[in-house]
Amino acid sequence: MVRLVRAGIVIAACFAGAAIVVPACSPPGALAGADCPLDEDSLLAVPEECCPCILREDCWAQDPPPQPPEHCRTGCPPGVPFECCPCPTPIWCPDGKSPRTLAPWCSSLDAGTDASIDGSMSSLCAGGTCTPPAADDWKGPISFWHGWDLESPPCPEEAPILAFEAWAEPPPLSCGTCECKPPKGTCKLPETWTVDSEACPGGGVKTNLDPPTNWDGTCNEDKSIQSGKLCGGVPCVRSIMVSPPTLEELPCEPHLVGDPEPKIPHAWGGGPQTPLGKACANASPAPNCTEKGKVCVPTPPGFSSCMYREGNHPCPEGWSERQLLYRHVEDNRTCSACTCEAPTGGTCSTIATVFSGPACTDLAHSGSIFAGMDAPCWDLMAGAPLTGVSSTPPEYVPGKCTPSGGIADEEIVLADPVTVCCYLPAS
């Protein structure tokens, strides 16, 4: 009941003619503490000493007007009298608006302390930043936002006019690194075993000792030559030529390392993952701050106080946060596809053996052969029997492929640059 009690004392004193000192006497029924913050029960929401005037107009008539203690004016800039302070403490302006009517002479103070007609706290720059006026040839200051297109907020109510939107230069296009997976290959065992009646390199009567198709290399006795058998009057067996194993490899499969799905840069001109700069302004001049020579620029969360200029320019002193944006970005860059050359370096080898005894016993000759070599010719004992052949499981070592592609085609158009410089107050 602080407010009502205080009002009652003053009114009683007026009617009783008591010789007590009060700020002013008012007619019965006058609203006491009309510009002081009240709570939900219409009681004074601040300490009594923080509301020295029951009727503010009567306080204005006093010379000098009463000034409350410092703890009552934590929101008033130094040098600004209480009657010219829209929001002495935050509780006076919970919604960013001041209910107070300021003294008529407040507008004449240095740097301007007048509140706007709707009672906003322009003089204290609530929700804004006190910034020097824009330098020569620069426009602003404006409220500037920078971030991803997808997160772009609307211009704030205090700066509802969209001055421009522009985009940053896209970064270098990352195409990843092309590599080739190892090829898949098959290694086929020797298919042709040719016995000759003459010593290497042959040239006599030939006898076929080939194993069956799709042979697995185990002992094969489907074909044989008896001891001393003659071919053209001479022993059929004098040498043997064995075809090398055959290596067949499929093409390598290309793939990217580090960036399996390279980002498509075309979205940079306005897609959801595009760095956007948005400048918002107000048709009315920015209100003055209490700090002489500065104006109040709305800077809600995410916004900065900046100025801008068409073209590419250095920032003036004090405006050290610089961004170069472009109103027009045409990004036609692409990454060439990854490809692989034919595999090379693969090997396929086996040990081929010919026997002169039953069940592949009594070794006649054995040797290591590999894919790509000339068919080897081995001399044998003239007239020796040949009863079977065998070959060890092939040993396959995959080759390698040389990758190519994954190169950025640098075709990008940047036009209509605009330089944005933002104000960083000295700490």
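Trainee: Why is cysteine 377 called partly exposed?

Mentor: Its relative accessible area is 24%. Buried means under 20%, exposed over 50%, and partly exposed in between (1.4 Å probe, protein chains only), so cysteine 377 counts as partly exposed. Keep in mind that this is a predicted model, where local features need pLDDT of at least 70, side-chain atom pairs count only at pLDDT 80 or more, and totals for chains, interfaces and linings use all residues. Residues are numbered from 1 along each chain as its sequence is written, and side-chain values use heavy atoms, with hydrogens and water left out.

Trainee: What makes the disulfide of cysteine 200 and cysteine 377 left-handed?

Mentor: The torsion about its S-S bond, which is about -95 degrees.

Trainee: What about cysteine 315 and cysteine 421, how far apart are their sulfurs?

Mentor: S to S is 1.9 Å, and a disulfide joins them. Cysteine 315 lies in the loop between strand 15 (303-310) and strand 16 (321-331), and cysteine 421 in strand 26 (residues 412-422), so the link ties together parts 106 residues apart in sequence. Strands here are DSSP runs (E, at least two residues), numbered from the N terminus.

Note on methods:
Disulfide = S-S within 2.5 Å. Helix = DSSP H or I, 4+ residues; strand = E, 2+ residues; numbered from the N terminus.
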